[in-house]
Amino acid sequence: MGEQLIHELENRTVFTIPIDIPIVGPIRIHESVIVMWGLMAVIMIAVLLMTRKMSVVPTKPQALLEMGVKFVYKFFEGNMGQAGRRYVPYLSTVLLFMGISNMIGLVGFGIKPPTKDINVTVAFALLSIILIEMAAYRGNGGFKGFLKSFLKPMPVMLPINIMEIVIRPLSLCMRLFGNVLGAFVVMKLIEHVCGLIIPMVFSMYFDVFDGAIQAYVFVFLTSLFIGEGLEEENHKLKHAAHSK
Amino acid sequence: MLEFDFWTILFSLINILVLFLFLKKFLFGRVNAMLDERARLVQEEMDKAREEAQQAEKLRLDYENAMSDAKDEARKIIIDAQKNANAQSAAITQQAQEEAGRIVESARQELALERERSVASAQNEIVSLAMEAAEKVLGREIDDDANRAIMDAFLDEEEQA
């Protein structure tokens, strides 16, 4: 059983393109990347179908879609303020992609969630920290303001603020990876121990609930960090709106 | 389990970015464009409705003004007509009176003329009679013209007396 579990936990390389590139080696395509491609294809086709015939007077599916879009805008603007509006499409993409990735284990056929692969969560976290620092750069009005923001709220915080550049993506990436991997391991063990019905109940918690919560926590924290960097810009926007 | 793989990280990054760009264009782009379009349409409709209400109000005012103008005009026309009628009737009456006066006057003149003429003819008759009588009395013919002048002078004297 242990051996089987270890085998399941491995990030299998599905195929390798034998072009030897210095330092990083030949192009290896992991199982997680293949699953992501599949998910992307499904999402893209679904989106194209849903937005194909949009009209000013909405049909029921279109109204639902609009409601969803308005909801994510409202949710993220609550965390990031008016200035964070331009980051909503990216964060929504992450929420959708990560949420579906976390729950994909439900469909069976031996498909494993891509977020079980730490490399995938590293990619998500890298993009998050790049976006956070970009927002802070923009929100503080250029390089000088960006550097100054490291001395806030007081100069003593400088080392902690610098460390946060590493800590934030690390915690984002590890939390997601740990949760999905943990849920995966527990589910495999439960499936191994008992038959069919009981794993379904647990799967509701570990796959659906935990998967959704982790995706939510990831984008929530990212938007919160972005919002922190945008404080000054939001303040200015609010001021401008008031003085109007 | 915890081995990092450059290629997987790279492909994941690319996957996320590709999906992001796709959704931005085809989901958020389309939905937001549609929402903006709808907001624009609603705004347009509201503006149009407001404009139309203003126009209707303006039309109403115009109509009311026109109505009151028309009433004034009608009143003025009636007053003018009355004035005209009065003036005309006065003129006609005056004309008629003048005409009547003239007719009376001419009748009077004619009468006077007639009288004069009859007086003159009567005088002539009288003179002729007198001369005839005198002829008979005198038994001879009087020189007509000279005697007639004497008779006329006599009659004039009588008249003046």
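Author: Start in chain B. The axes of helix H1 (residues 6-138) and helix H2 (residues 144-160) of chain B come within 10 Å and cross at roughly 125°. Axes here are lines fitted to C-alpha atoms, for helices over the stretch in contact, with angles from 0 to 180 degrees between N-to-C directions. Helices are DSSP runs (H or I, at least four residues), numbered from the N terminus.

This is a predicted model: local features need pLDDT of at least 70, side-chain atom pairs count only at pLDDT 80 or more, and totals for chains, interfaces and linings use all residues. Residues are numbered from 1 along each chain as its sequence is written, while chains are lettered from A and ligands numbered from 1 in the order in which they are written.

Back to the pair. H1(B) and H2(B) are therefore oblique to each other; under 35 degrees counts as roughly parallel, over 145 as roughly antiparallel, 65 to 115 as roughly perpendicular, and the rest as oblique. Their crossing is right-handed, with the near helix turned clockwise from the far one by less than a right angle.

Now the residues. H1(B) brings B:Gln123, B:Val127, B:Ala130 and B:Met131. H2(B) meets them with B:Asn147, B:Arg148, B:Met151, B:Asp152 and B:Leu155. Contact requires C-beta atoms, placed from the backbone, within 7 Å. By class, this contact has 5 nonpolar, 2 polar and 2 charged residues. Ala, Val, Leu, Ile, Met, Phe, Trp, Tyr, Cys and Pro count as nonpolar, Asp, Glu, Lys and Arg as charged, and the others, Gly among them, as polar.

How values were computed: Helices (H or I, at least four residues) and strands (E, at least two) are DSSP runs, numbered from the N terminus. Two residues are in contact if their C-beta atoms, placed from the backbone, lie within 7 Å.
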